[in-house]
Amino acid sequence: LSPDEDGICSGRYFSESGLVGLLEQAAELFSTGGLYETVNEVYKIVIPILEAHRDFRKLTLTHGKLQKAFDSIINKVLGQKRMFGTYFRVGFYGSKFGDLDEQEFVYKEPAITKLPEISHRLEGFYGQCFGEGAVEVIKDSAPVDKRRLDPNKAYIQITFVEPYFDKYEMKDRVTYFEKNFNICRFMYTTPFTMDGRPRGELSEQYKRNTILTTMHAFPYIKTRINVIQREEFVLTPIEVAIEDMCKKTQELTAATNQEPPDAKMLQMVLQGSVGATVNQGPLEVAQVFLAEIPADPKLYRHHNKLRLCFKEFIMR
């Protein structure tokens, strides 16, 4: 529907019954797409109209469709089979891209899409546009220095990103659906050391968290959206250790509270957390950061926070 289209106001859709028809069609499409929660939101608009017309036949059908949608939510939650998509940050570099040069986008791909799949697809697509050998994919997520790039080539940097939420947002995003719907902020991490290496010892391992904000929220009518804001936060080695320990505790909590219990999953989490062969595991973290009281008073807070993380981890 377009307001600029001639005669739209006198068309069959520009009426109460036309609106109901479009909303019912939208609900069917949402249901087909697995967005069952939105089906309820659409019918919240439809039901008062049907009630006002005493259209009990349509009300019966509508409530039947709502029951089907709610049953699907319950079955999906119990089976944990819902997959809403995978997200990648794609950056374009090089004069060959024209207006796209130095532009960033977040791409939404089908669930379980791997990084090599989207890399191969974009490299092939732009290779056809610019010629074979003219396109190169940047393998890492480090900041791109355009001075080091070949001006005769087109470069694409592709990074896996995850939806990002502030702590206060998590109070309202409880279900898996809520954590994957109406999202416009994404995060990826880049490990680095001060001497330029991506990885090093625990005591010298830093991490850069990059948060991207898109122009619109996913899901959207397009599968790629422009990035309009970028924020970066650098974590010190002890902050990296705190984040890793919190993540291990969350994984352990989820594995122990899973219904029905999954012994294999619990075993995998335990092996990855406390196994004797695990490099840079909790034992080494404790030896590096908790063996002595830090000399720098600024690190006291982080030191105490890491101790609390270990206390929580052991209690689990």
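Visitor: What should I know before I start?

Guide: The model is predicted, so local features need pLDDT of at least 70 and side-chain atom pairs count only at pLDDT 80 or more, while totals for chains, interfaces and linings use all residues. Residues are numbered from 1 along each chain as its sequence is written, and side-chain values use heavy atoms, leaving out hydrogens and water.

Visitor: Into which domains is the protein divided?

Guide: Domain bounds come from an automatic or database domain assignment. Here you get domain 1 (16-77), domain 2 (86-235) and domain 3 (238-315). The C-alpha centres of domain 1 and domain 3 are 46 Å apart.

Visitor: How do I read a helix pair, say α1 and α2?

Guide: Helices (H or I, at least four residues) and strands (E, at least two) are DSSP runs, numbered from the N terminus. Axes are lines fitted to C-alpha atoms, for helices over the stretch in contact, and angles run from 0 to 180 degrees between N-to-C directions. Helix α1 (residues 16-32) packs on helix α2 (residues 36-52) at about 160 degrees, with the axes 9 Å apart. That makes α1 roughly antiparallel to α2; the cut-offs are under 35 degrees for roughly parallel, over 145 for roughly antiparallel, 65 to 115 for roughly perpendicular, and oblique for the rest.

Visitor: Which residues of α1 and α2 make the contact?

Guide: Contact means heavy atoms within 4.5 Å. Among them are L19, L23 and F30 of α1, along with V39, V42 and I49 of α2. By class, this contact has 13 nonpolar, two polar and three charged residues. For the classes, Ala, Val, Leu, Ile, Met, Phe, Trp, Tyr, Cys and Pro count as nonpolar, Asp, Glu, Lys and Arg as charged, and the others, Gly among them, as polar.

Visitor: How do α8 and α9 cross?

Guide: The axes of helix α8 (residues 282-289) and helix α9 (residues 300-315) come within 11 Å and cross at roughly 155 degrees, so α8 and α9 are roughly antiparallel. The crossing is left-handed, a term used if the near helix is turned anticlockwise from the far one by less than a right angle (right-handed if clockwise). P282, V285, A286 and F289 in α8 meet H303, L306, F310 and F313 in α9. That contact has seven nonpolar, one polar and no charged residues.

Visitor: What about α6 and α8?

Guide: Helix α6 (residues 237-256) and α8 have axes that come within 11 Å and cross at roughly 150 degrees. The α6 residues in contact include I238, A241 and M245, and the α8 side is P282, V285 and F289.

Visitor: On to strands: which ones does β7 pair with, and how many bridges are there?

Guide: Two strands pair if DSSP finds at least two bridges between them. Strand β7 (residues 224-235) runs antiparallel to strand β2 (residues 104-109), with three bridges, and Y107 stands opposite R224. Eight bridges join β7 to strand β6 (residues 206-218), also antiparallel, and there K207 stands opposite L235. A hairpin through five residues joins β6 to β7.

Visitor: Where is the cis peptide bond?

Guide: Look from F218 to P219, where omega is near -5 degrees. P219 sits in the loop between β6 and β7.

Visitor: Which residues other than glycine have positive phi?

Guide: E102 is one of them, at about 65 degrees, in the loop between β1 (86-93) and β2. N182 has phi near 60 degrees and lies in the loop between α5 (167-170) and β5 (183-192).
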